[in-house]
Structure formats: C-alpha cells, structure tokens
Amino acid sequence: MARFAELSEAIAEHVRPGVSVALEGFSHLVPYAAGQEIIRQRVGDLTVIRMVPDLVVDQMIGLGMVATLVFSWGGNPGLGSLYRLRDAAENGWPRPLRLVEHSHAELANRFVAGAAHLPYMLMRGSPVGDLRSPHVAEVTCPFTGERATAVQALHPDVAVVHAQEADREGNVLFRGVIGVQKEAILASRAAVVTVERMVDALPRGSNEVIVPGWAVSAVCVCPRGAWPSYAMGGGYARDDDFYRRWREVSRDRSSFLAWGEGAR
Amino acid sequence: MSVELMLVAAAREITDGAVCFVGVGQPSQVALIARHAHAPHAAFVYESGVLGAEPSRPPLSVADEDLVRGARVLVPVHEVFNYWLQGGRIGLGIIGAAQVDRFGNVNSTVIGAYASPRTRLPGAGGAPTIAGFAGRTVVVTRHSRRSLVDRVDFVSTLGRPEVGAGRGPLGLSGAGVTTVVTDLGVLRLDVDTGELVLTRRHPGVKVETVQDATGWPLRAAADVVITEPPSPAEAAALEALG
C-alpha cells in the first residue's frame with residue numbers, strides 16, 4: 001500500500017547514493033520538484049534513466065551527481081543543446097559521464113519488458129545504425145525465421161514520477177501525455193509518485209490511466225510539481241521562458257555554478 | 001525567401017489525407033503549411049503519443065498544451081512507436097538532421113568519434129523508427145557542405161548501409177530517407193544507385209551552386225525542374241506562421 005510522505009522523506013528513503021532512478025514524464029509531468037529535492041539532498045553516483053533528460057537531469061549532470069545516463073534524446077526541446085550534458089560528454093566535466101544511449105522506441109520498450117517481467121521486448125527489423133549497445137541484440141523469430149531486435153528489460157531501483165491526483169488509498173491518476181510513467185512504475189523496484197492534489201475518490205470502472213496504490217511505494221503532495229513543465233489541468237502552463245533562460249544560465253560553467261549555489 | 005521555399009517544397013510532399021509523423025521545429029512548420037494550403041485532412045502524429053494533432057502554431061515541445069488540446073487522441077509513447085509506426089500505419093515521416101549523406105543516412109548523435117566527440121548532438125530520438133517504418137521519410141535541412149556530407153560521422157538513422165545494399169533483408173518496412181528538401185532545392189533517392197540526386201532547384205539557384213554546396217559530387221537528374229513559387233494559399237500559410 002502506498003505510504004503518504006513528505007517529499008524530503010520519500011527521496012531520502014528511496015533515492016540513495018548509487019541507485020538507478022527513472023525520472024519519467026515526456027515533456028509533460030516532468031517530475032521537476034522531486035528532481036529538485038534529489039538535488040537539494042545532493043544524492044550522488046546516480047544512474048539516471050530519462051528518455052529526454054530535460055533541464056532537471058541537465059542540472060544533476062552539471063552538479064556531478066550522475067555517473068551514468070540512460071537516455072534516447074538529450075536536447076532542450078525546440079531550443080538546441082543541453083549544455084551540461086554536452087560538457088560532460090565532450091569534456092568529462094565535472095566528471096566523466098557514462099552514456100547508455102538508445103532510440104526512443106528501444107528505451108520505451110526496455111521499460112515495457114521490465115513492466116511485463118520479460119527478459120526482453122521484441123522490435124521489428126535487425127538492429128541498424130552505428131549505435132551499439134549491450135542491451136540490444138539481434139534475434140531470430142522461432143516461428144517465421146525473420147530477424148528481429150531484442151531490447152533488454154530495464155529494472156530501475158526506483159521510479160520517480162509526477163501525476164495529477166491521488167486518493168486516500170494512494171491510487172494515482174495521470175492525465176494528458178502519459179509517456180512511459182506507468183511502465184517506469186511497474187518496471188522499478190520502488191515508485192515515488194508526486195501529485196498535484198489529493199482527491200476523495202478516483203473514478204471506478206474507468207480506462208483512464210490509474211495506477212493502484214498497491215503498486216506504488218510513496219505518494220507526496222507537490223502542487224506545481226512539474227514546473228517548468230506542466231501538468232494538464234494543473235492550473236499552470238509550461239514555462240517556455242524558463243526553458244529559454246536555461247540556455248543562457250547553463251551555457252557556460254561559471255553561470256551554471258552560480259545557479260548551483262542558489263540551488264543549495 | 002529560400003527558407004520559405006524549403007518549407008513550402010517540403011509541405012508539397014504531404015498529400016491530403018496522409019498520416020504523417022513529425023517533430024518540433026521545421027517539420028511542424030511544414031505540417032502547418034500543408035494543412036492550411038492543400039492537405040486539410042492530413043493527420044499529424046508526434047512521438048509524445050499525440051495522434052491527429054491540430055496545433056494553431058508550431059509547438060516548442062512535443063507535449064505543448066496547444067498541440068495536445070485539439071488532438072484526436074493521446075496514446076502512451078510505447079504505443080505510438082509499436083502500434084502506429086512499427087505497425088505500418090504512418091505513410092510519411094518528416095525529420096530534421098544535423099548531417100545527411102549521399103545514401104540518406106542521418107546523423108544526430110556526434111560530430112567526431114562517439115567516445116570522444118567534438119560535438120555531442122542530442123541523439124537519435126524517434127528518427128530511426130520513423131525512417132525504419134514510415135512509408136517514406138523526408139529530411140528538411142539547410143544546404144551546406146557541413147550538413148550534406150559524403151559520409152555521416154555517425155549513422156543515427158539508417159538510409160542505405162552501403163552502395164547497392166538494400167534495406168529489405170533488414171526487415172525494415174519503410175523506404176527510409178527518400179527525399180531531402182533544402183533551401184537550395186530537392187534531392188531524391190535514385191533507386192538504382194541508392195544515392196540522392198538533385199531533382200529540383202529553387203528559382204534563381206543554379207545547379208552548379210547546389211553542387212558546390214554539397215559534400216559529395218552531387219549528380220543532377222536529366223530534367224531538374226524549378227520549384228514553383230508559393231501559391232496564394234501557401235503564402236498565406238507562411239504568413240500565419242509568423
């Protein structure tokens with residue numbers, strides 16, 4: 001059963017140094033507040049899994065908290081580079097960053113395999129392109145003989161995601177662009193869900209995206225928890241300006257470090 | 001003017017009623033022009049799981065509220081890749097590229113070596129699956145020796161593996177990158193040689209100019225036609241983009 005907790009408690013308990021943490025939310029419901037708490041606690045040596053790292057992981061990388069990044073596209077949406085990710089990949093600053101890189105389809109399917117407790121998920125066609133990964137292999141279909149691609153299951157230690165609502169039993173409801181949040185929860189050993197608000201009851205007999213409280217470890221009430229991204233129906237818009245300003249803040253090390261001082 | 005012709009020429013690749021996978025940036029601008037000018041029934045799909053997007057302006061991110069609000073339906077990310085793209089339900093893909101080479105391979109990963117890149121680019125994202133399984137894929141990019149190269153530094157998205165090699169044995173149902181639309185003209189895949197050749201030039205642009213701006217000896221088709229200037233509907237659509 002999900003335990004209600006303060007965000008600082010939930011992060012301290014579940015996001016320990018050296019763990020693998022999946023911070024999912026595909027440009028919507030980005031678990032930014034949770035990410036800020038991970039940053040505030042300066043949890044180190046993390047393996048961060050996030051299909052599109054977004055600003056929150058760029059910040060963690062720049063602060064030296066990330067040993068390994070598992071991702072499929074590392075830009076600032078619509079605005080070019082994530083400069084801290086680039087600095088780590090190009091110059092090893094502030095520390096070498098190991099990259100586990102996939103396409104979107106591969107990484108989404110690694111979560112699917114994890115959620116279904118399969119050793120891998122199958123995708124059409126042979127592996128192609130120059131990206132080589134120990135988590136991607138060619139296999140032969142036992143029925144048709146065709147070549148296909150196997151992507152290895154992903155089992156993060158903890159998933160940290162943001163949703164719109166939770167009820168008293170810790171059932172959580174996601175609206176809008178849903179990304180791979182559900183798969184991340186179900187593939188991970190533990191799951192922390194921050195929510196915009198509590199409600200008395202979630203709909204019954206529905207096909208909305210509801211994860212029952214018995215599949216969630218901790219629920220934390222965090223209004224505006226996705227800012228500067230947004231939560232559909234949450235009453236605040238995506239802060240495009242903040243994404244633009246991040247380019248200038250993060251472009252060079254000194255302005256980034258000045259920002260980092262403020263984030264303590 | 002030439003960037004506008006690039007967008008208009010790319011928009012003309014979208015037939016009315018086509019189901020088209022697009023990204024943010026120029027591909028979204030192309031989609032908006034097509035929808036307003038000649039393809040009101042084209043359906044647009046985004047990697048965030050937005051099916052049937054009807055944005056009023058080009059989105060900054062694939063989950064922009066304006067993009068999502070009028071969508072026919074939102075589906076999970078694994079579904080948009082597995083059921084819709086891999087499942088063969090997308091006729092056309094439109095992508096950008098940092099580098100594209102003479103065989104239609106696309107690089108969005110690194111300039112230089114992977115382990116120690118000179119420039120680390122964002123990465124492949126949805127492009128490999130788009131090129132792998134959309135009916136065909138169109139690249140939209142500015143034309144220079146830096147972007148149109150003989151061989152990409154890194155194949156993020158496969159065109160043709162090597163001269164004469166086909167995609168069939170690889171189990172990819174999409175034709176891959178068949179068309180590159182630039183601010184100088186349009187290149188199309190020559191199925192016999194597997195390489196991109198110049199088939200269209202924009203008004204005022206000489207074939208030699210396009211060849212000089214290309215990083216391989218670009219062949220021109222026997223009949224290189226001139227891009228038609230924007231129609232009134234296309235001009236209005238460009239205006240509306242702002």
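Which residue of chain A forms a salt bridge with B:Arg120, and how far apart are the closest N and O atoms? I looked this up before anything else. B:Arg120 pairs with A:Glu101, and their closest N and O atoms are 2.7 Å apart. I counted a salt bridge when a side-chain nitrogen of Lys or Arg was within 4 Å of a carboxyl oxygen of Asp or Glu.

**Ground rules**

I worked on a predicted model, in which local features need pLDDT of at least 70 and side-chain atom pairs count only at pLDDT 80 or more, while totals for chains, interfaces and linings use all residues. Residues are numbered from 1 along each chain as its sequence is written, chains are lettered from A and ligands numbered from 1 in the order in which they are written, and side-chain values use heavy atoms, with hydrogens and water left out.

**Entry: the interface**

A:Glu101 sits in strand β7 (residues 98–101) of chain A and B:Arg120 in strand β9 of chain B, so the pair joins two chains. Helices (H or I, at least four residues) and strands (E, at least two) are DSSP runs, numbered from the N terminus. Across the interface of chain B and chain A I found 1 salt bridge. Over all chains the count comes to 24.

Next I took the contact itself, with heavy atoms within 4.5 Å as the criterion. Chain B gives 40 residues and chain A gives 45 residues. The size of an interface is often given as the accessible area lost when the parts come together. Here chain B and chain A bury about 3300 Å² between them, with 62% of it on carbon and sulfur atoms. Buried area is the accessible area (1.4 Å probe) that two parts lose on being put together, summed over both.

Which residues of chain B lose the most area to chain A? They are B:Leu60, B:Arg120 and B:Pro122, together 20% of what that side buries. I noted that B:Arg120 is also the salt-bridge residue.

I then counted polar contacts. The rule asks for a pair of N or O atoms within 3.5 Å; within protein, one must be able to donate a hydrogen and the other to accept it, and residues adjacent in sequence count only if both atoms are side-chain atoms. Between chain B and chain A there are 14 residue pairs in polar contact, both residues at pLDDT 80 or more. On the chain B side, α3 (65–69), α4 (77–85), β9 (117–120) and α5 (127–133) each supply at least two residues that touch chain A. By class, that side has 23 nonpolar, 12 polar and 5 charged residues. Ala, Val, Leu, Ile, Met, Phe, Trp, Tyr, Cys and Pro count as nonpolar, Asp, Glu, Lys and Arg as charged, and the others, Gly among them, as polar.

**Entry: the sheet of chain B**

In what order do the 10 strands of the open sheet in chain B run? I read β4-β3-β2-β1-β5-β10-β12-β13-β14-β15, with mixed pairing. Two strands pair if DSSP finds at least two bridges between them. The edge strands are β4 (73–74) and β15 (220–226) of chain B, each pairing on one side only.

I zoomed in on β1 (residues 19–22) of chain B. It pairs in the parallel sense with β2 (residues 43–46) of chain B over 3 bridges. B:Val19 has B:Ala43 as its bridge partner in β2(B), and B:Cys20 stands opposite B:Phe44. β1(B) also pairs in the parallel sense with β5 (residues 92–95) of chain B over 3 bridges. There B:Cys20 is partnered by B:Leu92.

**Entry: strands of chain A**

β8 (residues 120–124) and β10 (residues 147–152) of chain A pair in the antiparallel sense over 5 bridges. A:Arg124 stands opposite A:Ala148 in β10(A). β9 (residues 136–140) of chain A also runs antiparallel to β10(A), joined by 5 bridges. β9(A) and β10(A) form a hairpin with 6 residues between them, and A:Gly145 in the turn has a positive phi of about 80 degrees.

Most residues other than glycine have a negative phi, and most peptide bonds are trans. A:Asp45 has a positive phi of about 55 degrees although it is not a glycine. The peptide bond from A:Trp93 to A:Pro94 is cis, with omega near 0 degrees.
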